[in-house]
Structure formats: C-alpha cells, structure tokens
Amino acid sequence: MGELMETIMHRRAIRRFDTRQIEEAALQEILQAGLYAPSAGGKQGVILVVCQDKEVNERLGRIKRANSNPHMATATSYVSKEQPSIADDPNIKNVFYDAPTVITMFAPKNFLFAAEDCAVAAENMMLAADSLGIGSCYLGQGWPAFADPYGQEILKKWNIRTDYYAVMQLLLGYPREGDPHPTGKPRKNDRVLRV
C-alpha cells in the first residue's frame with residue numbers, strides 16, 4: 001500500500017489536543033496543501049484565516065457552541081465514544097475543543113460551489129496534518145462562531161469581505177499525549193456498485 005493510502009486510512013478526527021502550538025513549518029505545509037486543493041472552475045475563492053490566539057479561539061468556540069443546535073447523541077446514535085463531540089457531551093462549551101490552531105475557511109456567499117471548495121481544501125489539509133503527526137477535526141457551519149457583536153468585530157479585524165461567509169473551521173493541534181489514536185469504524189459493504 002502506498003504512503004498516501006496509509007495516511008488516508010490512518011486519519012481520524014481528533015477532539016482532544018495538547019496545549020503546545022504546532023510548528024510554523026508544519027503549518028505552512030498544511031496551508032500549502034489547502035491552497036492546492038481542487039476548486040470549481042479554478043476559482044480559488046477560499047480564504048484561509050489562521051488564528052492561534054487562545055483567547056479569540058476560545059471565545060469564538062463558545063459563541064459557536066451557544067449558536068449551534070446539534071442533534072444530541074443517544075445510546076445507539078453518537079459521534080464518538082473515544083473522543084466525544086459537542087453532540088455527545090453537552091458539557092463541552094468550546095466547540096473548538098481547545099485546539100491551539102483554528103483555521104476558518106471563508107468563501108464567496110453567492111458562489112454555487114463555495115462549501116464544496118472549502119471541504120476539499122479541508123480534506124487536503126487534514127491529510128497533510130496527519131502525515132506530519134498533527135491531529136485535525138473539521139467543523140461545518142462556520143458562521144455561528146461570528147453570530148454576535150464580538151464575532152462581527154473579529155470579522156472586521158480580520159478584514160473579511162462582506163460578500164464572503166465562514167463556511168467551516170478546521171482545528172489543528174498535536175493529539176493529547178497518552179490518548180490512543182481513535183479507531184476507525186469498519187467500512188460498510190455494498191457501497192460501490194459496478195454497472
């Protein structure tokens with residue numbers, strides 16, 4: 001099996017992070033992977049905003065949590081027992097799980113494939129991160145993090161154009177020391193049809 005396939009099969013969402021910040025060289029490599037992701041029509045409309053300010057990330061993570069209404073887990077329907085999500089544990093107040101680096105992906109509001117362009121950029125960056133020993137977790141619906149006056153102030157501070165919106169966030173950080181790597185779920189059969 002090739003190295004890329006091994007990375008694809010190894011990568012899992014990480015929701016418990018070490019407090020140390022990721023190294024700048026690794027971050028640059030991850031960002032490069034995102035910038036080289038496919039984009040509809042070659043538009044390259046996705047803007048990646050990297051925030052490593054703990055106070056800002058914590059506050060935006062709490063705002064997003066307060067403005068999100070996830071379907072809560074049940075005994076038979078849940079996200080992860082190993083590393084619970086906000087849907088699994090209502091006591092988690094920071095939807096960014098205290099990740100030291102949060103990348104918010106913005107895209108044009110009126111572009112048909114804005115969400116898809118962000119998703120493929122996120123996938124490229126998650127694979128690059130895993131190959132470097134860095135954990136990642138992507139979160140859809142980026143806009144609730146900015147749904148109050150503080151969030152709007154941050155958008156202005158970051159010089160985000162008003163015709164762009166926050167599509168999603170990508171969390172990055174070293175997995176918390178001592179945590180086992182999450183196990184993958186078995187792949188379901190009959191998902192590939194040959195016609």
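Start with the charged pairs: the structure holds five salt bridges, a salt bridge being a side-chain nitrogen of Lys or Arg within 4 Å of a carboxyl oxygen of Asp or Glu. Before you click, know that this is a predicted model, where local features need pLDDT of at least 70, side-chain atom pairs count only at pLDDT 80 or more, and totals for chains, interfaces and linings use all residues. Residues are numbered from 1 along each chain as its sequence is written, and side-chain values use heavy atoms, with hydrogens and water left out.

Stop 1: Select Arg 16 and Asp 179, whose side chains meet in a salt bridge (2.9 Å, N to O). This pair links distant parts of the chain: Arg 16 sits in the loop between α1 (3–10) and α2 (24–35), while Asp 179 is in the segment after β4, 163 residues apart. Shared partners join Arg 16, Arg 176 and Asp 179 into one network.

**Stop 2: a pair within a helix.** Select Glu 58 and Arg 62, a salt bridge with its closest N and O atoms 3.5 Å apart. They are four residues apart in helix α3, so about one helical turn separates them. Glu 58 is partly exposed at 30% relative accessibility; the cut-offs are buried under 20% relative accessible area, exposed over 50% and partly exposed in between (1.4 Å probe, protein chains only).

**Stop 3**

**Stop 4: the core.** Select Leu 60, Phe 96 and Leu 171, among the residues with the most contacts inside the largest nonpolar core, which has 26 residues. Such a core is a set of buried Ala, Val, Leu, Ile, Met, Phe, Trp, Tyr and Cys residues joined through side-chain atoms within 4.5 Å. A second, separate core of 25 residues includes Ile 30 and Leu 170.

**Last stop: zoom out.** Show the whole chain and you have five helices and four strands.

Definitions and conventions
Helices (H or I, at least four residues) and strands (E, at least two) are DSSP runs, numbered from the N terminus.
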